Amino acid sequence: MDVSQYLEMFIEESKEHLQNLNVTLLEMEKDSDNKEYINQVFRVAHTLKGMAATMGFKKMTVLTHDMENVLSEIRNGVIGVSAELLDVLFQCLDALESYIEVITNTGGEGDEDNKAIIDRLVAILESKGEGGAPKAEPAPQATPVVDSKPIVAAGSDYERKHLMLSFNDYEKNAILKSKEEGYKTMGVTIVIAETCVLKSARAFIIFRTLEKLGQIIKAYPSVQDIEDEKFESDFSVFVITKDNEEKFVADLSSIAEVEEVLVDEIQLEGQVQDFSQKEEVKREEEEDNETKAPSGSKKKPQQQAAAKPTANRTVRVDIERLDNLMNLVSELIIVKNGLETVENNNQNMNEQIEYLERITTNLHDAVMKVRMVPIERVFNRFPRLIRDLSRKLNKNMELHMSGEETELDRTVIDEIGDPLVHLIRNAGDHGLETPEERRAAGKPEMGNVYLDAFQDGNNVVIEVGEDGRGIDLEKIKNKALNNGTITKDQAEAMSDQDIIDLLFRPSFSTADKISDVSGRGVGLDVVKTKIEALGGDIEVKSEFGKGSTFIIRLPLTLAIIQALMVKLGEEKYAIPLNTIQNIEDVKLTDIKYIQNQEVINLRGHVVPIIHLDGLLGVEKEESRQDSITVVIVNKGDKQAGFVVDGLIGQQEIVIKTLGKYLTNNKLIAGATILGDGEVALILDVNSLV
């Protein structure tokens with residue numbers, strides 16, 4: 001069978017399972033006695049094993065199989081949960097994530113067999129955890145009996161391990177009725193090889209074979225337990241058939257890893273009873289209630305119905321299909337803009353344009369909601385990161401997260417993970433002090449790292465902070481002077497914010513020594529570059545001795561935005577509306593100079609003036625006006641005024657990339673097609689400011 005068509009689905013589902021495994025292991029570390037966490041980890045390992053085996057990834061299958069063996073012993077109380085065991089399980093998680101990454105990039109699982117991890121799992125299994133719970137005594141087990149007759153093939157010396165079996169009245173009735181119609185009932189016990197890696201998959205093939213031979217009326221253990229591999233090496237099935245014992249033995253023995261097949265005919269005596277359908281349903285409900293209810297109690301049918309899980313209301317959609325849908329919406333908006341430019345006073349025409357505008361806006365909102373993903377899928381990886389950092393740096397630290405439900409565009413979500421990893425590692429390494437330093441400063445030994453997300457208008461704000469030592473401005477200034485980043489004159493004229501901005505210079509680091517956590521000067525400059533490439537910005541707030549906070553602002557979407565269209569000479573430009581604070585009409589006499597920089601005093605704030613025509617090489621119109629139009633824009637706490645020749649108005653625009661030949665132009669964020677077919681460039685406010 002060609003399984004390559006399922007590769008994308010396998011990768012996507014594996015990532016979900018590994019994220020679940022990561023979260024559960026962290027919870028298990030806090031509460032090792034909680035059986036539900038142990039069961040959850042076991043289920044994930046079991047599912048991953050089945051998926052990997054189906055796809056033919058043998059190395060991944062072996063690793064998850066050994067994980068499952070250890071976890072099974074933990075569930076049975078044979079092995080106790082220890083710090084060493086959890087470390088090994090975290091190593092297994094890292095190895096599985098590595099496999100998925102290689103599979104994603106190459107389609108194969110690579111050459112790494114993770115033998116060291118597997119050896120540790122085997123050692124834990126053989127030593128029973130060394131200090132874990134004592135091995136439980138196996139419960140005495142009886143020979144399986146049907147109406148006091150053992151189901152044993154003649155001459156078989158295989159030792160049975162099942163509990164007492166018996167048929168209910170309905171099953172007995174089915175056997176007796178089939179006998180009257182010339183059918184036989186066969187009791188079949190199948191023994192699977194001890195070395196079988198995927199027992200549930202092997203059992204599935206066995207059931208498919210049995211279904212061809214007849215009708216299955218009962219299985220022990222239950223079919224669900226067999227699917228979940230809750231059996232040792234054998235299970236029994238009862239089949240109504242017209243075939244003989246030899247046919248069963250021949251067909252089942254031909255299946256790989258089936259070691260022994262025991263078959264004999266079930267003989268029952270009695271009369272066929274007439275069960276009505278209503279009685280059958282009632283009887284089955286009673287049996288289900290007795291099975292599921294705790295000892296000494298009975299659940300009401302209404303309670304069971306209420307506990308029924310709701311159907312899954314989500315569906316996976318290929319991101320390329322969503323992109324195609326988004327492009328179609330973009331074309332609709334371009335058509336709408338084109339219709340608005342048509343000079344026609346026909347009332348019906350205007351109504352149609354308004355209707356089209358409502359439709360395109362609603363369609364855009366609907367598509368955007370489909371593309372939106374909770375930021376939780378990025379945040380979930382960071383508790384593990386903090387755990388590892390705490391051990392590596394010998395610092396006590398705790399992560400506090402909020403706003404995980406905040407949604408961002410899928411394309412932004414995929415890119416924001418690495419910058420956040422840099423910031424959190426910096427918070428743990430540079431920000432938080434050692435336990436001794438915190439005690440000396442009168443702080444609790446446990447340091448706190450904060451990760452918060454919230455929506456602010458058309459932006460999402462992510463804050464990464466800590467209650468550590470804060471930024472030492474003098475240390476940064478001296479480091480910059482020593483390595484030649486700034487001159488002495490520049491240092492004297494720098495504000496506190498200018499000094500903090502030095503941290504974002506390439507190859508700049510304040511670490512005293514290089515480690516595998518930090519000190520190589522590759523960090524904040526990469527963070528800034530990535531965030532600005534996403535149309536966002538980053539700023540820092542810090543108080544020495546109390547901690548620092550890095551604030552990231554990101555646009556909700558990168559596809560369609562509201563913009564202010566402006567004129568520069570004969571050219572049209574777009575300024576993203578979310579960056580604009582207000583528009584001012586400034587008299588030429590109000591313009592002042594500070595260090596050769598034109599500025600204006602805007603209600604008590606000094607705002608620098610930027611002449612866009614000079615920066616962009618646009619031919620300036622000759623005019624003798626007494627005032628200029630200035631668009632005041634924000635970049636975090638910074639403000640600047642863009643001088644423009646005229647305002648066209650607010651418009652919803654579709655962002656188009658400039659292509660690979662123009663990617664190095666930092667002043668332009670992209671382009672858009674206007675209603676008349678003209679191309680207008682979109683200004684990159686961050687770079688200009």
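Q: How many aromatic pairs does a search of the whole structure find?
A: This is a predicted model, in which local features need pLDDT of at least 70, side-chain atom pairs count only at pLDDT 80 or more, and totals for chains, interfaces and linings use all residues. Residues are numbered from 1 along each chain as its sequence is written, and side-chain values use heavy atoms, with hydrogens and water left out. Rings of Phe, Tyr and Trp (its six-membered ring) pair if their centres lie within 6.5 Å, and the search of the whole structure finds five aromatic pairs.

Q: Are the rings of Phe207 and Phe235 stacked or edge-to-face?
A: Planes under 30 degrees apart count as stacked, over 60 as edge-to-face and the rest as tilted. The ring centres of Phe207 and Phe235 are 5.9 Å apart and their planes lie at 5°, so the pair is stacked.

Q: Is Phe235 buried or exposed?
A: Buried means under 20% relative accessible area, exposed over 50%, and partly exposed in between (1.4 Å probe, protein chains only). Phe235 has 0% relative accessibility, so Phe235 counts as buried.

Q: Which residues do ring pairs link into a cluster?
A: Phe231 and Phe235 form an edge-to-face pair, 5.3 Å centre to centre with 80° between the planes. Ring pairs link into a cluster the residues Phe207, Phe231 and Phe235.

Q: Which residues in H9 does H7 meet?
A: Contact means heavy atoms within 4.5 Å, and helices (H or I, at least four residues) and strands (E, at least two) are DSSP runs, numbered from the N terminus. From H7, Ile206, Thr209, Leu210 and Leu213 meet, in H9, Lys247, Phe248, Asp251 and Leu252.
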